[in-house]
Amino acid sequence: MSRIEIDYAKCVKDRICIRACPYRLFLDSGDGSPVLHEKAGELCIECGHCLAVCPVGAISLNGVAQESLKERVPSLDPSPESVEQLFTFRRAIRAYKTKPVERELLARLLDITRYAPTAVNEQSVHWTIVDSKDELRRLTGLVAAFMRESNIMPMVAEAWDNGVDLLLRDAPTLAVAHATTTALTPQIDCAVAVATLELAAAANGLGACWAGSIAGAAQASAAVRELLQLPEDHNVYASLMLGYPKFQYNWRPERIPARITWV
């Protein structure tokens, strides 16, 4: 059960918390002072909107006060132009340098994904990182074998037999996002987390490519699940190859116009 506390000595009765709470757990007492819904502790999803939005730090959640939180630095906000470039120049990288991805960098990027949205703030995403060259080759072989046995894209297994990796493209790192099957929207949560990781990686000089075949193999192959050390009640919902790009992409090929219906 969540514990929300209001410091009325600090509160300036601006009603911001009342408007910002997604579940309307702050109610107007009549003069702008917020009071808590009788089931606030039970219904709160601990998203922290109240902590983040109060301009005077009058709210604490589970004993955490605003002054202990990291504060936004406006000068670090990217420009609209830099965001557009990051998103539109992103490429699916399928050729990597042999240089490994530093675990310190990867840990920092994965820490960023903690702030990606999840349904009702469930924070359902778990990660398995494979960055051992031997384990990556073993995983690729297991997935290729699964695809051969299932008659899925037989040219992939054939290429692997001939020494060509069309699955993980010899990437030095694979990030696998998984979650419990009982989570509210595990597939969406994991996809959003992987998309967040991909863009964070691009901003830090890394290339990435979604590894779609891993999820299917992980659901059906006991050997793949064992290698990834998945809990019994977890499924893989998305995965991402990561590494330093071998080539630089400096031009942006066109895409079809956005298909929009205005209602």
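The model is predicted. The protein chain holds 10 helices and 9 strands.

**Helix H7**

- H7 spans residues 154–161, and its buried residues are Val 156, Ala 157, Ala 159 and Trp 160.
- Seen down the helix axis, these buried residues fall within an arc of 160 degrees, so they line one face of H7.
- The face turned away from that buried side carries Glu 158 and Asp 161, which are exposed.
- Helix H6 (133–149) is part of what covers the buried residues of H7.

**The loop between H7 and S7**

- Leu 166 is found in the loop that runs from H7 to strand S7 (173–180).
- Leu 166 counts as partly exposed because its relative accessibility is 32%, between the cut-offs of 20% and 50%.
- Beyond residues up to four places away in sequence, Leu 166 touches Met 155, Val 156 and Ala 159.
- Leu 166 and Pro 117 are 49 residues apart in sequence, and their C-alpha atoms are 31 Å apart in space.
- Arg 169 lies in this loop between H7 and S7 as well.
- The phi of Arg 169 is near 55 degrees, a positive value in a residue other than glycine.
- Arg 169 has 26% relative accessibility, so this residue counts as partly exposed.

**Strand S7**

- Thr 173 is found in strand S7.
- With a relative accessibility of 2%, Thr 173 falls under the 20% cut-off and therefore counts as buried.
- Leaving out residues up to four places away in sequence, Thr 173 touches Val 101, Leu 106, Ile 129, Val 130, Asp 131, Leu 136, Leu 240, Met 241 and Leu 242.

**The start of the chain**

- Ser 2 is found in the segment before strand S1 (4–6).
- Ser 2 is buried, with a relative accessible area of 9%.
- The side chain of Ser 2 makes a polar contact with the side chain of Glu 46, at 2.8 Å.
- Neighbours within four places in sequence aside, the contacts of Ser 2 are Gly 41, Cys 44, Glu 46, Leu 61 and Asn 62.

**Arg 24**

- Arg 24 lies in the loop between helix H1 (16–20) and strand S2 (26–28).
- Its phi is near 50 degrees, which is positive in a residue other than glycine.
- Arg 24 counts as exposed because its relative accessibility is 55%, over the cut-off of 50%.

**The chain as a whole**

- The C-alpha atoms fill a box of roughly 75 × 45 × 45 Å along the principal axes.
- Of the 263 residues in the protein chain, 38% are buried.
- Among contacts between residues at least 6 apart in sequence, 73% join residues at least 24 apart.
- The accessible surface comes to about 16,100 Å², and carbon and sulfur atoms account for 54% of that surface.
- The chain has 27 positive and 31 negative side chains.
- The centres of these two sets of charges lie 6 Å apart.

Methods: Residues numbered from 1 in each chain as written. Predicted model: local features only at pLDDT ≥ 70, side-chain atom pairs only at ≥ 80, totals over all residues. Heavy atoms only, no water. Helix = DSSP H or I, 4+ residues; strand = E, 2+ residues; numbered from the N terminus. Buried < 20%, exposed > 50% of the residue type's maximum accessible area, 1.4 Å probe, protein only. Contact = heavy atoms within 4.5 Å. Areas by Shrake-Rupley, 256 points an atom, 1.4 Å probe, with all protein chains shown as cover. Lys, Arg positive; Asp, Glu negative; His and termini not counted. Charge placed at Lys NZ, Arg CZ, Asp CG, Glu CD. Polar contact = N/O pair within 3.5 Å; in protein donor to acceptor, adjacent residues only side chain to side chain. Arc of directions from axis to C-beta.
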